[in-house]
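I opened my notebook to record what I looked up in this structure. The entries follow in the order I made them.

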Amino acid sequence: MASPFDAINPDVYKAYVFWSAVLVAKILLMAPLTALQRFKNKAFANPEDASAVSRKLKPKLDDPDVERVRRAHLNDLENILPFFVIGFLYLLTNPVPFLAINLFRAVAVSRILHTLVYAVVVVPQPARFLAFMGGMVPTVYMTLQTILYFMV
């Protein structure tokens, strides 16, 4: 009996792994970006962190720059983690290589752009919305295609 893993195109698999690794690196870079904002604005969440910089500093939980980066990080977790799952399941549908590779690329590039326009160089809307949708639309498409392919 044939396994769905037999249908995985090596080029599509390679693209999925590459862009997923790029997104893991992107998520990991959000912690140093948050720390950078905390040091720049002297906005530390914990007393021991604040006092390590200066005994006079008190914890500060409402710095707008820090919170913006934290929201971008949370948005990544809400969108990239589902991509990891559905992207892999989509591989099992034997998708057209050109389409699949570009869907993976679109999600990754859009998530990077989303962070840039939301947390690094704040750009007015609709920049953030467009970057968000650039990742959401391909993820929803892959989800629907996977559901339809495996529908019993």
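I began with the buried residues of helix H5 in this predicted model. I found Ala131, Gly135, Pro138, Thr139, Met142 and Thr146. Next I looked up what they pack against. The buried residues of H5 pack against helix H3 (64–91) and helix H4 (97–120).

Then I checked the span of H5. Helix H5 covers residues 127–150, which is 24 residues. From first C-alpha to last, H5 reaches 35 Å. I noted that this is close to the 34 Å expected at 1.5 Å a residue.

I located Ser110 in helix H4. Is Ser110 buried or exposed? Its relative accessibility is 10%, so I logged Ser110 as buried, since the cut-off for buried is under 20%. I also listed what Ser110 touches, leaving out residues up to four places away in sequence. The list reads Ala131, Gly134 and Gly135. Ala131 and Gly135 are also among the buried residues of H5.

My last entry concerns a helix pair. Two packed helices are described by the angle between their axes and the distance between the axes. I looked up both for helix H1 (residues 10–41) and H3. Their axes come within 10 Å and cross at roughly 170 degrees. H1 is therefore roughly antiparallel to H3. The crossing of H1 past H3 is left-handed. Which kinds of residues make up the contact of H1 with H3? I wrote down 18 nonpolar, six polar and six charged residues.

Conventions. Residues numbered from 1 in each chain as written. Predicted model: local features only at pLDDT ≥ 70, side-chain atom pairs only at ≥ 80, totals over all residues. Heavy atoms only, no water. Helix = DSSP H or I, 4+ residues; strand = E, 2+ residues; numbered from the N terminus. Expected span 1.5 Å × (residues − 1). Buried < 20%, exposed > 50% of the residue type's maximum accessible area, 1.4 Å probe, protein only. Contact = heavy atoms within 4.5 Å. Axes fitted to C-alpha atoms, helices over the stretch in contact; angles between N-to-C directions. Parallel < 35°, antiparallel > 145°, perpendicular 65-115°, else oblique. Left-handed = near helix turned anticlockwise from the far one by under 90°. Nonpolar A, V, L, I, M, F, W, Y, C, P; charged D, E, K, R; others polar.
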